[in-house]
Amino acid sequence: MKSSHGTNPILPGYFADPTIKKFGGIYYIYATTDNEMLASGVPTVWYSKDFKNWYNHTMEVPSLESVNLRNFWAPDIIEGSDGKYYLYFGNCQAGCNIYGYVSDSPVGPWKKLNEEDIPVIAHNYPREGFPSLDAQFFKDDDNKIYGYWGTWVHYNGGYAVGELDTISMAKMKNAKNIPLEQTPEPFEAAYMMKKGDKYIFMYSGGSCHDETYHVRYAYSDSPYGPFLPGENNPILATNEDGTVHGPGHHSVLEENGHYYIVYHKHDYPMTRGGLSRQVCADEMVFENDSTLKKVEPGARPIFGDMASEVPENKALYAKATASSSYQLKSLQYDYEYQPSHATDDHNATLWKASNNTFPQDLTIDLGRMINIKRVMTQFEFAGYYYQYKLEYSKDGESWQLFTDRSQNRVPGSPMIDDGDAKGRYMRLTILGTEKTGLYASVWNIKVYDSLFEIPLQMRGKPSSEGPGTASTHQQLIGIDAKEMSQAVGLDSIRNHGSLGGKFMRNGQVALSVDDEGVKAFEFVEGALVLDRPVPKGLEWNGAYTLATWVKNPEIGKEGECLASWCDRFRYNLANSYNAMHYNSGNYGAAAHLDGHFDMGYNTIPSSGIWHHLVLTFDGVVEKIYVDGELDNSQVMVLASQIQDAELRIGASDVGEHFSGYLSSVKMYDYALDLDEINDLMKTSNPKFKGK
């Protein structure tokens, strides 16, 4: 399989835009929590004493008064001259701004620097239209602190630099833009450091969504520039075998005369849109004060000789079996999330159950009887809780309880469970997750025969949400024109699926017979809207199948929505919206509101012909089938928002209308496989009576 070199990624999970710091003998990584609502997960910090064993904590950060804060993007932190810690996050919920917070501790809880929510760096600063994101701060030898920020800078005229007011730590002065020609091929993620008398201005170019993302640098004699492009650019880029894909948005740790670049790269198999990123670290070498060598990913372990208080992991490479494992089959990948991935102590590999049903279990054979004092489990998502229990056994047949977390509502990574047992086998049974549609999945599980110190020893707060809703594994929606009578009318159409209820006509929808004699619903500018709420099983990452027989007289580039069931406006984020379309635009098949995430057709179904179109999502892979053949697929994580949403056939929630014929529509809260799809295609074919 493809994975990172050596010990990369250094963190288990999806995190991006890392800032690495060391305070009081502890390393901290502050990062964007990725793969959750378009990089809008909880504000998080990881900490470690040995750079090998990392612990996650969800920080308490107050919200804005005007909007429920959910973007905690590209954090940076400064230790002030007053001994306090100053944390800065960007978000784009009320313009693209940088907000500041203060705490007596590097991990919070945090207080606002300005109770009136005035940003430290506001949108339109230092000039009109400039987006203030990705701020990083640099303290010079004279204790002046400079800030560097900007994103999409190839559109916006270059990065910005300014001086932070060190009295308030809450406002900037003397800001200006850095001319584009001084930083060739820029995109975002500025970072300043100093080597000798030279100011090294580093940044990311290309696109964060794909393999073009990379790290570049320029240098100057002044923190304001002018800057000269450095040699050996880009110094970090996608490598030939793809094990390091789209690396960028970094920070640098200097320790004992050595420099270490901490950055993110894309996961493997790669999630669509490139926002399931993972944090890596490699040594960065200077040829001289103004020249960086190209980084060699994985060329040498980071702090490989550092002593650790953590004892030997008795589960390392232990034989593992599971109730099931997921086989990812798509046009791009054929990959198994094997049980053995949970015992390889590698943060690029994951065990994942075969579907999103519970319970699912993972059993480890430790090879011999040992004392079991501590079990540490790194679930796929550190920011959401998992409900589970741990059992031990001497013979693999008779089991005793080690830990019962069946009612757990506290997230974290690793989850730490202590006890006093003796056994050869450990069994982890996952009973549920916080969010609908998430899988039983584990990066690593570790077993120890003795206890040891945990840095900081913090406990997260319980969540008030969930747990997620289990799939009913049923057909939710069913309407078929050939079962309709002209006398009945379309103002109220009975839903024959398990949701029940009726579809109400809104706009121009008629029961017609096309030129082939097929009875169908003809849509002009109308929709059929179900009078029942969208079921909880379709929320968040919930699996589904939507199948329809459709005839489109003319294929448009936009619009042509066959069905929708999410609230586009609750978060207005790409993967919080979900709908099925039939057009030649970005979201010709599956709409998520952003060309980086939408899924079009590889081969657009021809106009004027009846086609069986089926869109499926099993919680991992989204697929579109055309007439029983897989046409396109993509790895995807959704955050579907169904609150206040309506299930519509023939239109989206903003009036993207379908203009053509639908003979039948069926929807399920699970993903049909190819055999089931082909059976459905035969039994629902509108051209054959009684079929």
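1. Quick definition before the strands come up: two strands count as paired here if DSSP finds at least two bridges between them. Also keep in mind that this is a predicted model.

2. With that in hand, look at β13 and strand β14 (residues 198–205): they run antiparallel and are joined by six bridges.

3. With β37 (residues 579–581) the pairing is antiparallel, over three bridges, and Cys 561 has His 581 of β37 as its bridge partner. With β42 (residues 648–649) the sense is again antiparallel, this time over two bridges; there, Ser 564 sits opposite Arg 648.

4. Now the packing. The largest nonpolar core holds 102 residues, and the ones touching the most other members are Leu 328, Ile 372, Met 426, Ile 445, Phe 503, Phe 521 and Trp 565. Strand β26 (residues 360–379) contributes the most to this core, with seven residues. There's also a second, separate core of 25 residues, which includes Phe 72, Leu 87, Tyr 99 and Tyr 448.

5. Which residues is Phe 503 in contact with, leaving aside neighbours within four places in sequence? Among them are Ile 477, Ile 479, Leu 490, Leu 528, Leu 647 and Ile 649, and also Asp 491, Ser 492 and Asn 495.

Note on methods. Residues are numbered from 1 along each chain as its sequence is written. This is a predicted model: local features need pLDDT of at least 70, side-chain atom pairs count only at pLDDT 80 or more; totals for chains, interfaces and linings use all residues. Side-chain values use heavy atoms; hydrogens and water are left out. Helices (H or I, at least four residues) and strands (E, at least two) are DSSP runs, numbered from the N terminus. A nonpolar core is a set of buried Ala, Val, Leu, Ile, Met, Phe, Trp, Tyr and Cys residues joined through side-chain atoms within 4.5 Å. Buried means under 20% relative accessible area, exposed over 50%, partly exposed in between (1.4 Å probe, protein chains only). Contact means heavy atoms within 4.5 Å.
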